[in-house]
Amino acid sequence: MQSVKRKYSIFSMAKNAFNGHKDWPKMWRSPEPREFYDAIIIGGGGHGLGTAYYLAKEHGLKNIAVIEKGWLGGGNTGRNTTIIRSNYLWDDSAHLYEHSLKLWENLSSDLNYNVMFSQRGVMNLAHNEHDIKEIKRRISANNLNGIDSLWLSKEEIQKKVPIMNTDNLRYPVLGASYQPRGGTARHDAIAWGFAMRADEMGVDIIQNCEALQIKTKNGKIEGVETSKGFIRANKVGVVASGHSSVLAETAGIRLPLQSKPLQALVSEPIKPIIDTVVMSSAVHAYVSQSDKGELVIGAGTDSYNSFTQRGGFDIIEETIRAMVELYPVFGKMKMLRQWGGIVDICPDASPIISKSDIEGLFFNCGWGTGGFKATPGSANVFAHTIAKNEPHQINAAFSLERFVSGKLVDEHGAAAVAH
Ligand SMILES: Cc1cc2nc3c(=O)[nH]c(=O)nc-3n(C[C@H](O)[C@H](O)[C@H](O)COP(=O)(O)OP(=O)(O)OC[C@H]3O[C@@H](n4cnc5c(N)ncnc54)[C@H](O)[C@@H]3O)c2cc1C
């Protein structure tokens, strides 16, 4: 099947509404793998699909495959709480996440597909003196990097979120940082938007195709052994989040990553009650309200490594306790669904976007609990790294080399979930 340019305009919506939406073309083809690709991307999440999109769009590479062991966006891209912000502490991180935030701001129009990016602001609560100092330091660092970030007093928080209990709780709310340009987006849409536009440029998107082994010879990449046979390639990018370290091992590389379940849950839908995003890493609970009206609630990671996409009940119990303390009005609500995703965490809570010692083998992983916000930015600079065989200046600090040199980018304070 040839790829078709799909347009979403008011006219095409109206035209298709008349015939019961039966004539929409498929969003992407389902080709069988070719014998050889210039580049194979392992992992059909937002970062992997975005990498293929930018490789084709900005670097002219067309003979590309994205191989995905399940379905597109079925990993953490489809499992996260979609919080987007760029208020990280260190310059290197601030530039990376801000690059991404700027791409988010224009993504719906770039893809001609609505990723439902909603800049409703993101608040990070301070519950003690240490939080206040740490958060104010971060606000100041953000402002020096030109990033919108401001301090809210308790009274200002109460005005924005009147349902919040600020005083009568174990960890009182003393203030917060606030990034007005932060917000949320639709998780599936980013995967589908990138997939559709990459497919149109000739990228083969191959679902139900598991990478089993990365094959190398004399320090160079040969290709990937997959559940659909061996595929040769000049370059391979591993973007498999929680399973990146497992794949790296098949090429004889030990990545400094720990994989843990991170959980989230949603409530029954209710009328609009909270129009911003509120996060608290001290009590491990964060919340926003989806367009359907569900409260989207994020919890913490399990304290041990695991690949079960579920997570421990004690974590959920702790999160619900914190939520009900912070928002007593939620006390009688019913929860609809709970799930987990496997996040891959680096010792410094920063990602790896890097070449490796094997020629033609690249890694984009270690996003831990906070990589959704980085999706377009990460994909954009990773595509550059793969195409040019050298990092973009924005991801130079996030190489594997930093674990040898010790030049770590410690972002534990800015990470959504303490780990
Ligand atoms: C509960 C939860 C809440 C979160 N909340 C937020 C948040 O609010 N904000 C934020 O910024 N981040 C958040 N994150 C983190 C964020 O989801 C991830 O960092 C980001 O989505 C990673 O995207 P990705 O494309 O790299 O990975 P994924 O979407 O996981 O894609 C990797 C893909 O690789 C595939 N794969 C794995 N192994 C193989 C193989 N051997 N062969 C082929 N394919 C393979 C997987 O099936 C998967 O589809 C959250 C994560 C979780 C789990």
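**Core, burial and overall form of a predicted model**

User: In this predicted model, which residues have the most contacts inside the largest nonpolar core?

Analyst: The largest nonpolar core has 115 residues, and those with the most contacts inside it are I40, I42, A52, I64, M123 and A195. Helix α6, residues 187-200, gives the most to this core, with eight residues.

User: What makes this set of residues a nonpolar core?

Analyst: Its members are buried residues of nonpolar types such as Ala, Ile and Met, joined through C-beta atoms within 7 Å. In soluble globular proteins, nonpolar side chains tend to be buried together.

User: Which residues is I64 in contact with, leaving aside its neighbours within four places in sequence?

Analyst: I64 is in contact with Y37, D38, A39, I41, A52, L55, A56 and V203.

User: Why does V161 count as buried?

Analyst: The cut-off is 20 or more other C-beta atoms within 10 Å. V161 has 22 such neighbours, so it counts as buried. V161 lies in the loop between α5 (154-160) and β6 (175-179).

User: How do you know that V161 and D275 are apart in sequence, and what is their distance in space?

Analyst: V161 and D275 are 114 residues apart in sequence, while their C-alpha atoms are 8.0 Å apart in space. Beyond four places in sequence, V161 touches I274, T276 and V278.

User: Why does the radius of gyration of the protein chain agree with a compact globule?

Analyst: For 419 residues, a compact globule would have a radius near 22 Å; the chain has 21 Å, and therefore the two agree. Of these 419 residues, 51% count as buried.

Note on methods: Residues numbered from 1 in each chain as written. Predicted model: local features only at pLDDT ≥ 70, side-chain atom pairs only at ≥ 80, totals over all residues. Helix = DSSP H or I, 4+ residues; strand = E, 2+ residues; numbered from the N terminus. Buried ≥ 20, exposed ≤ 12 C-beta atoms within 10 Å, placed from the backbone. Contact = placed C-beta atoms within 7 Å. Rg over C-alpha atoms; globule rule 2.2 N^0.38 Å.
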